[in-house]
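User: I would like to learn how to read the main features of a protein model, one at a time. Please take me through an example.

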Amino acid sequence: MRVLVAGATGAMGRQLVPRLVDAGHDVFAMVRGESGSAGAARLGAVPVVADALDRNQVEAAVRQAAPEVIVHQLTAIGHVDTRHFERSFAATDRLRIEGTDNLLAAARRAGVRRVVAQSNGAFTYDRTGGPVKTEQDPLDRAPVGQMASMIAAVGHLEKAVLGAAWTEGVVLRYGAFYGPGTSMAPGSPQLEMIRKRKFPVVGDGGGVWSFVHIADAAEATVAAVANGDRGVYNIVDDDPAPVAEWLPELAAMLGAREPMRVPRLIGRLAAGQAGVVLMTELRGASNAKAKRELGWHPTHPTWRQGFLGGVRES
């Protein structure tokens, strides 16, 4: 099939594009300029140039690629400062709103039959009820102020993609990425903070995280290009775990001392309201639907195995 990947040169795109090529697809990469074009070509894709926030450029790029499937991987997430969470996600929020709308408008004009879009299942589920959520559970209906704009942007993307009756809309709620090119890659600032005991467990550390290795997330995305029905899929590993469990284990793998523990009040002063939520209130996610309907099974079924095979090398 002809597949257009928007966001083809980010951490996910660098994993995804070669896999789509290896699967036999004709892959086109929507990039912003010459440097992106060169990177896309090295990955095996045909570059088409467009600014995702310029609707005319996006429509021209989609016409040029004439894809059967569009994969929306547009993000602009760098280092996340939990004290200024909304600032860290501002550019990505805009891509999830304006970029999504531009892609969908272009896709409709071009008769694209399937749109697969990146969403977030790591930090967005409602913080009530049990520790592990399925796709039927709602996104956070009462987010803390610092996280409200991010969750609203995710909600906009999902509603737009799933509500496009003229195409098959597939939303992938990825867990927290780790592995090459991510914020939990060897040598990354986040791992260095853990190594230096600057990443404490806040409160009871009861926030449940669902991780996914970036390579496994890419494999799931390849599966979603051809398989599964319209709808939402959690793309996470088999082992959701509270911060109080995974953070000390990761520190030990890095050869660091056990993380410090601080009360919620101190955590809020140091990491902001969003940081306290991530540490104490987060809910994990189940991957049962993705396994069942996409035929996807992570090669790193637990973060324990994945961390040992990757981040420990840092």
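Analyst: What follows goes from the sheet to the helices, the cores and some single residues. This is a predicted model, in which local features need pLDDT of at least 70 and side-chain atom pairs count only at pLDDT 80 or more, while totals for chains, interfaces and linings use all residues. Residues are numbered from 1 along each chain as its sequence is written, and side-chain values use heavy atoms, with hydrogens and water left out.

User: In what order do the strands of the open sheet lie, and is the pairing parallel or antiparallel?

Analyst: Start with the terms. Strands (E, at least two residues) and helices (H or I, at least four) are DSSP runs, numbered from the N terminus. Two strands pair if DSSP finds at least two bridges between them. Here seven strands form an open sheet, in the order β3-β2-β1-β4-β5-β7-β12, with parallel pairing. At the edges are β3 (46-49) and β12 (231-235), each pairing on one side only. From one strand to the next the twist averages 25°.

User: Which residues stand opposite each other or are bridge partners?

Analyst: Take the strand pairs in turn. β1 (residues 2-6) runs parallel to β2 (residues 26-31), and five bridges join them; Arg2 has Asp26 in β2 as its bridge partner. Four bridges join β1 to β4, also a parallel pair, with Val3 opposite Val69 in β4. β4 and β5 run parallel and are joined by four bridges, and there His72 stands opposite Ala117 in β5.

User: Which way do the residues of β4 point, and are they buried or exposed?

Analyst: Burial needs a cut-off: buried means under 20% relative accessible area, exposed over 50% and partly exposed in between, with a 1.4 Å probe and protein chains only. Val69 and Val71 point one way from β4, Ile70 and His72 point the other way, and all are buried.

User: Which helices lie across the strands?

Analyst: Direction is read from axes, which are lines fitted to C-alpha atoms, for helices over the stretch in contact; angles run from 0 to 180 degrees between N-to-C directions. Contact means heavy atoms within 4.5 Å. Helix α2 (residues 34-43) lies across β2 and β3, at about 160° to β2. Helix α6 (residues 145-162) lies across β4 (69-72), β5 (114-120), β7 (168-174) and β12, at about 160° to β5.

User: How do the axes of α6 and α10 cross?

Analyst: Two packed helices are described by the angle between their axes and the distance between the axes. The axes of α6 and α10 come within 7 Å and cross at roughly 70°. The pair is therefore roughly perpendicular, a class that covers 65 to 115 degrees, whereas under 35 is roughly parallel, over 145 roughly antiparallel and the rest oblique. From α6, Gly145, Gln146 and Met147 meet Gly272, Gln273, Ala274, Val277 and Leu278 of α10.

User: Which residues in the largest nonpolar core touch the most other members?

Analyst: In soluble globular proteins, nonpolar side chains tend to be buried together. A nonpolar core is a set of buried Ala, Val, Leu, Ile, Met, Phe, Trp, Tyr and Cys residues joined through side-chain atoms within 4.5 Å. The largest core has 38 residues, and Met147, Trp209, Phe211 and Trp246 touch the most other members. The most is given to this core by α9, with six residues. A second, separate core of 33 residues includes Val3, Val27, Ala29 and Val225.

User: Why do Gln15 and Leu294 count as buried?

Analyst: Compare each value with the cut-off. Gln15 lies in helix α1 and counts as buried because its relative accessibility is 16%. Leaving out residues up to four places away in sequence, Gln15 touches Pro180, Ile214, Ala215 and Ala218. Leu294, in helix α11 (residues 288-294), counts as buried because its relative accessibility is 3%. The C-alpha atoms of Leu294 and Ala223 are separated by 6.0 Å, although these residues are 71 apart along the chain.

User: How many residues of helix α8 are buried?

Analyst: Helix α8 (residues 214-226) is mostly covered, with eleven of its 13 residues buried. Among them are Ile214, Asp216, Thr221 and Val225. After α8 comes Gly228, with a positive phi near 85°.
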